[in-house]
Amino acid sequence: MLIEASLRRRGLREGTQVDVYTPETLPMPVAGKAVGEAIKTMVEGKGIGFHPQRKLVAVDPERRELAFEGGATAAYDLLVVVPPHRCPAVVRAAGLTGETGWVPVDKGTLETSHERVFAIGDVTAIKLPVGLMLPKAGVFAHAQAEAVAHNIAAAITGQGAPEIFDGAGYCFVEMGHGVAAYAKGNFYAEPAPAVTMRSPGRLWHWGKIYFEKWWLRHWF
Ligand SMILES: Cc1cc2nc3c(=O)[nH]c(=O)nc-3n(C[C@H](O)[C@H](O)[C@H](O)COP(=O)(O)OP(=O)(O)OC[C@H]3O[C@@H](n4cnc5c(N)ncnc54)[C@H](O)[C@@H]3O)c2cc1C
């Protein structure tokens with residue numbers, strides 16, 4: 001949506017086609033069908049093609065062609081791609097990873113199968129009751145870091161009650177032109193994550209800017 005907005009602002013949108021390909025069934029599928037459908041509607045409302053269940057297997061830069069699992073292909077002029085996530089080799093070599101290729105942890109304390117060894121953020125694998133994994137998101141890495149840091153300090157000093165990471169998360173969905181939507185919820189809710197989406201508006205865009213400024217000022 002930000003690329004679409006940039007093209008529109010620069011007067012290039014008329015001659016441009018924008019498409020999203022994803023292996024997922026909907027955007028943010030773990031947040032549930034309602035959130036996924038809402039984001040899909042936003043994307044398609046901007047004239048962007050949304051192509052679910054398209055798992056990229058190869059890119060041919062000379063022919064400018066994408067190849068998907070199952071044999072489908074698509075042409076491109078400019079490709080913006082998120083490469084596959086992989087657990088760093090050093091973490092794998094340490095014997096911390098499980099069958100998913102990521103580090104299994106206690107969902108509340110983030111402790112690994114090794115006593116007093118913790119993992120947070122993208123390297124972790126936390127399976128939700130709904131069968132999907134907790135998404136890899138900065139908002140979770142941040143909250144997990146605070147809980148683990150607090151608990152390590154408490155264990156050393158013998159002071160303070162233990163904290164747990166409760167699965168709460170939120171995200172801003174930037175739509176371009178200073179407008180964003182906002183989704184918030186508890187990803188540990190049972191039987192499925194309870195996530196709600198707030199209507200797009202300028203407030204959420206400014207909320208994201210405020211969040212960034214606060215984050216940088218608070219921590220750095
Ligand atoms: C395109 C994109 C958009 C995103 N948007 C959002 C969003 O809107 N909201 C949100 O919450 N999250 C978002 N995320 C996810 C978010 O960026 C990650 O979940 C978050 O950065 C994870 O933090 P982390 O500390 O676990 O891992 P990382 O940020 O990946 O940090 C790991 C660090 O370890 C370093 N490292 C690796 N191997 C070694 C080694 N051997 N020795 C030393 N250092 C090493 C890496 O260089 C890296 O700096 C987005 C991610 C992407 C890719």
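Domain bounds here come from an automatic or database domain assignment. In this predicted model, begin by colouring the chain according to that assignment: domain 1 comprises 2–53 + 167–219, and domain 2 comprises 89–157. The C-alpha centres of domain 1 and domain 2 are 26 Å apart.

**The interface between the domains**

Next, select the residues through which the two domains meet. Domain 1 contributes 16 residues, which are in contact with 13 residues of domain 2. Between domain 1 and domain 2 an area of about 1,100 Å² is buried, and carbon and sulfur atoms give 72% of that area. Display Val-30, Phe-187 and Tyr-188: these residues supply 48% of the area that domain 1 buries against domain 2, more than any other three residues.

Then consider the polar features of this interface. Zero salt bridges are found between domain 1 and domain 2, while two residue pairs are in polar contact between these domains. To follow the secondary structure, highlight β8 (168–176) and α5 (202–219), each of which supplies at least two residues of the side of domain 1 that touches domain 2. By class, that side of domain 1 holds 13 nonpolar, two polar and one charged residues.

**The ligand site**

Now centre the view on the ligand. Select Pro-88, Val-90, Gly-121, Asp-122, Lys-136, Ala-137, Gly-138, Val-139 and Ala-141, which surround the ligand. A polar side-chain atom of Asp-122 is 2.7 Å from a ligand oxygen atom. At Gly-138, a polar backbone atom lies 2.8 Å from an oxygen atom of the ligand. Finally, a backbone N or O atom of Val-139 is 3.0 Å from an oxygen atom of the ligand.

How values were computed. Residues numbered from 1 in each chain as written. Predicted model: local features only at pLDDT ≥ 70, side-chain atom pairs only at ≥ 80, totals over all residues. Heavy atoms only, no water. Contact = heavy atoms within 4.5 Å. Buried area = accessible area lost by both parts, 1.4 Å probe. Salt bridge = Lys/Arg side-chain N within 4 Å of Asp/Glu carboxyl O. Polar contact = N/O pair within 3.5 Å; in protein donor to acceptor, adjacent residues only side chain to side chain. Helix = DSSP H or I, 4+ residues; strand = E, 2+ residues; numbered from the N terminus. Nonpolar A, V, L, I, M, F, W, Y, C, P; charged D, E, K, R; others polar. Near = heavy atom within 4 Å.
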